[in-house]
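Subject: A structure for you to explore

Hi there,

Here is the structure I promised to pass on to you. Have a look around it first, and then read my notes below.

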Amino acid sequence: MGKRKGYFGEYGGCFVPETLMPALEELEKAFYRAKIDKNFNEEFESLLKDYVGRPTPLYFAQRLTEHLGGAKIYLKREDLAHTGAHKINNALGQALLAKRLMKKQRIIAETGAGQHGVATATGAALVGLSCDIYMGTEDIRRQKLNVFRMNLLGANVISVDTGSKTLKDAINEALRDWTTNVRTTHYVLGTVFGPHPYPLLVRYFQSIIGREAKKQIIQKEGKLPHCLIACVGGGSNSIGLFSAFLKDNVKMIGVEAGGKGIQTGFHAARFAGGAKGIFQGCLSYVLEDEDGNILETHSVSAGLDYASVGPEHAYLRDTGRVIYTYATDEEALEAFELLSRLEGIIPALESAHALAEAIKIAPKMSKDSIIIVNLSGRGDKDVQEVARIKGISL
Ligand SMILES: Cc1ncc(COP(=O)(O)O)c(C=O)c1O
């Protein structure tokens with residue numbers, strides 16, 4: 001965090017219409033109160049343990065390691081968290097904040113892959129708040145199963161048919177709703193993005209991933225890992241893992257969606273193909289044209305298909321602390337199949353991007369080096385889409 005409130009170096013800030021400022025100030029106050037509120041933290045920690053199923057295991061992927069013939073690969077199993085992805089850590093934290101500290105009656109959220117929507121609908125059901133989820137029609141098509149899960153959990157899914165019909169359009173609609181209903185409604189943003197205090201708030205709730213992983217790897221190996229790898233959509237599972245190791249001598253790699261290749265323009269690799277710009281409440285890296293219009297993005301995974309990235313990542317990239325690269329759709333699909341066959345774990349397509357990077361670098365590393373890959377979610381939600389891509393009708 002930089003010296004200016006809400007900034008990471010030059011990135012971040014709070015670029016929103018005036019009507020939203022009181023809500024963001026209220027949220028900031030509630031967040032700082034929650035951080036030191038013993039009752040809040042006790043309740044959150046007990047839910048993480050007994051409801052989410054934390055700590056999630058750190059699993060040594062022996063067959064994948066042997067197959068690649070280099071560094072030892074460990075998987076941080078966020079796929080085993082309740083609802084199947086890391087998104088639950090943040091959604092539950094914010095639902096609790098909305099109910100206990102801000103006394104709201106309703107929560108809204110945006111979702112791309114549907115995992116954040118499912119997690120928010122779960123949090124709403126658990127604490128007893130009404131819940132509306134905004135989702136692009138293209139994502140609704142790709143993630144039908146998650147739409148049905150949200151409905152079962154009592155949430156209303158509102159389809160968004162504008163723009164690219166994906167995550168950025170869903171965020172626009174959610175922000176519009178929030179502007180109208182700020183007094184009764186809390187907006188559960190799903191990643192370390194948007195106006196201050198969201199990047200800090202979401203990082204706080206996701207930092208449990210890295211703290212657990214650090215303890216677990218020291219228990220298992222007696223030392224820190226050499227390298228951490230995580231996929232980067234908005235950037236929350238990666239910040240969650242990285243945050244505990246930022247001061248350590250550990251290499252970190254964030255993997256964006258390379259789609260059909262950077263040259264084709266069909267991708268969501270903001271660092272490889274983007275520029276600095278203000279979008280949806282903060283200054284970060286954005287995919288935009290020369291006139292500043294946001295470009296359409298593409299990724300095989302709905303959760304990485306986003307035109308901008310959390311401001312802390314922009315800062316970590318500029319300072320060189322984290323290296324950012326990308327994996328193409330094809331590489332992610334290969335990793336998806338390889339992990340399924342070798343380890344009996346079907347990963348989310350998002351997480352498969354991180355695995356694709358491990359597949360590239362592990363064989364070049366010595367056998368005593370250690371990589372931790374954040375397995376941000378499980379692939380149940382993606383099975384139908386992968387079958388469709390392979391031309392198999394289920
Ligand atoms: C399983 C999974 N992993 C990763 C992501 C990307 O989000 P983030 O970069 O905030 O972790 C998503 C987003 O929906 C997801 O569902």
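To start with, is W178 buried or exposed? W178 is buried, with a relative accessible area of 2%. Here, buried means under 20% relative accessible area, exposed means over 50%, and partly exposed is in between, using a 1.4 Å probe and protein chains only.

Before going on, a word about the model: it is predicted, so local features need pLDDT of at least 70 and side-chain atom pairs count only at pLDDT 80 or more, while totals for chains, interfaces and linings use all residues. Residues are numbered from 1 along each chain as its sequence is written, and side-chain values use heavy atoms, with hydrogens and water left out.

**Rings and charges**

A search of the whole structure turns up 14 aromatic pairs. One of them joins W178 and Y187: their ring centres are 5.8 Å apart and their planes are at 65°, so this pair is edge-to-face. For the rule behind that, rings of Phe, Tyr and Trp (its six-membered ring) pair if their centres lie within 6.5 Å; planes under 30 degrees apart count as stacked, over 60 as edge-to-face and the rest as tilted. Y187 is buried too, at 0% relative accessibility. Elsewhere, F31, Y32, F40, F44, Y204 and F205 are linked by ring pairs into a cluster.

Two lysines also sit over rings. The charged end of K214 is over the ring of F245, 5.6 Å from its centre, and K260 lies over the face of F266, at 5.2 Å from the ring centre. The test is that NZ of Lys or CZ of Arg is within 6 Å of the ring centre and within 35 degrees of the ring normal.

**Cores and domains**

A nonpolar core is a set of buried Ala, Val, Leu, Ile, Met, Phe, Trp, Tyr and Cys residues joined through side-chain atoms within 4.5 Å. The largest one has 91 residues, and W178 and Y187 touch the most other members. Helix α4 (residues 87–101) gives the most to this core, with eight residues. Helices (H or I, at least four residues) and strands (E, at least two) are DSSP runs, numbered from the N terminus. This core draws at least three residues from each of domain 1 (8–49 + 87–198) and domain 2 (54–84 + 207–390). Those bounds come from an automatic or database domain assignment. The C-alpha centres of the two domains lie 22 Å apart, and 40 residues of domain 1 are in contact with 46 residues of domain 2. Contact means heavy atoms within 4.5 Å.

What does the UniProt annotation say about K87? The unreviewed entry gives "modified residue: N6-(pyridoxal phosphate)lysine" there; such annotations use the numbering here, have shortened feature names, and may be inferred rather than shown by experiment. K87 is found in helix α4 and is buried, with a relative accessible area of 17%. Not counting residues up to four places away in sequence, K87 touches Q115, H116, A119, G190, T191, Q206 and S236.

K223 is in the loop between α10 (208–221) and β9 (227–231), and counts as partly exposed at 32% relative accessibility. K223 and I370 are 147 residues apart in sequence and 9.3 Å apart in space, C-alpha to C-alpha.

Happy exploring!
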